[in-house]
Amino acid sequence: MSSNLFVGFQVTVKGVVLLNVSLSREVVPSFARILLHTSLGKKHLVRPLLRAEITQVVNRRSWYDATKLTTEVLTLYKAPLYVEGWDEALHEIGKLSSETILTAQNAELLLEAVEDIPVLVIAGAEDSLVPLRSCQAMASKFVNSRLVAISGCGHLPHEECPNALLAAVSPFISRLFSVYDSESQ
């Protein structure tokens, strides 16, 4: 497959939906970020702790209504932990996510580049990983944004409250299509 497959196509972004976003890099605790950069952390933090059911703790923190986090759902979350190389992949993702922080200057340039684009910021009102105030701060950075807080929902609205998420996203997309259709006529 050629890497030139999409050459000649122009993509126009008409809107952006951001889900549980934060301007802070403190999603991963500082001690964990330090350990992720060491072989000791890779060997003694990532593999044993995740295999020792830390996924249950993280997932329970991600869900507001723990009754929706069934044994079947937890089993699906843990399935990737049995794939060869999962720990190395997670280690690299953790390192990259703590290293790829926008500078204030680049963040300003990015905000200027998207200032005319409608942005929908959706937050789980009871998200304990990315607090609602962080999503509010993110939404306030965009000129043309709207924040929707889904009550009774944690960090994973697409899993915990899919109907409420769909109810928030559908009107936004419908408005984008109606504007797009009227512009193209």
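Of the protein's 185 residues, 29% count as buried, meaning under 20% relative accessible area with a 1.4 Å probe and protein chains only, while exposed means over 50% and partly exposed lies in between. This is a predicted model, in which local features need pLDDT of at least 70, side-chain atom pairs count only at pLDDT 80 or more, and totals for chains, interfaces and linings use all residues. Residues are numbered from 1 along each chain as its sequence is written, and side-chain values use heavy atoms, with hydrogens and water left out.

**View 1. The overall fold.** The protein has 8 helices and 3 strands. Both are DSSP runs numbered from the N terminus: helices are H or I of at least four residues, strands are E of at least two. Along the sequence the pattern reads β-α-α-α-α-α-β-α-β-α-α. Take contacts (heavy atoms within 4.5 Å) between residues at least 6 apart in sequence: 76% of them join residues at least 24 apart.

View 2. Ser 134, Cys 135, Met 138 and Ala 139 are buried in α6. Seen down the helix axis, the buried residues fall within an arc of 135°, so they line one face of α6. The arc is taken from the directions from the helix axis to the C-beta atoms. The face turned away from this buried side carries the exposed residues Arg 133 and Ser 140. The buried residues of α6 pack against β1 (16-19), β2 (119-124) and β3 (145-150).

**View 3. Ser 134.** Ser 134 sits in helix α6, which spans residues 132-141. Its relative accessibility is 18%, so Ser 134 counts as buried. Beyond its neighbours within four places in sequence, Ser 134 contacts Val 21 and Ser 22.

**View 4. Cys 135 and the largest nonpolar core.** A nonpolar core is a set of buried Ala, Val, Leu, Ile, Met, Phe, Trp, Tyr and Cys residues joined through side-chain atoms within 4.5 Å. The largest one has 13 residues; Leu 18, Val 21, Val 119, Val 121, Cys 135, Met 138 and Phe 142 touch the most other members. The elements giving two or more residues to this core are β2 and α6. Another core, of 11 residues, lies apart from it and includes Leu 120, Val 148, Cys 153 and Val 169.

**View 5. Asn 20 in its loop.** Asn 20 lies in the loop between β1 and α1 (30-36). Asn 20 is not a glycine, yet has a positive phi of about 50°. With 7% relative accessibility, Asn 20 counts as buried.
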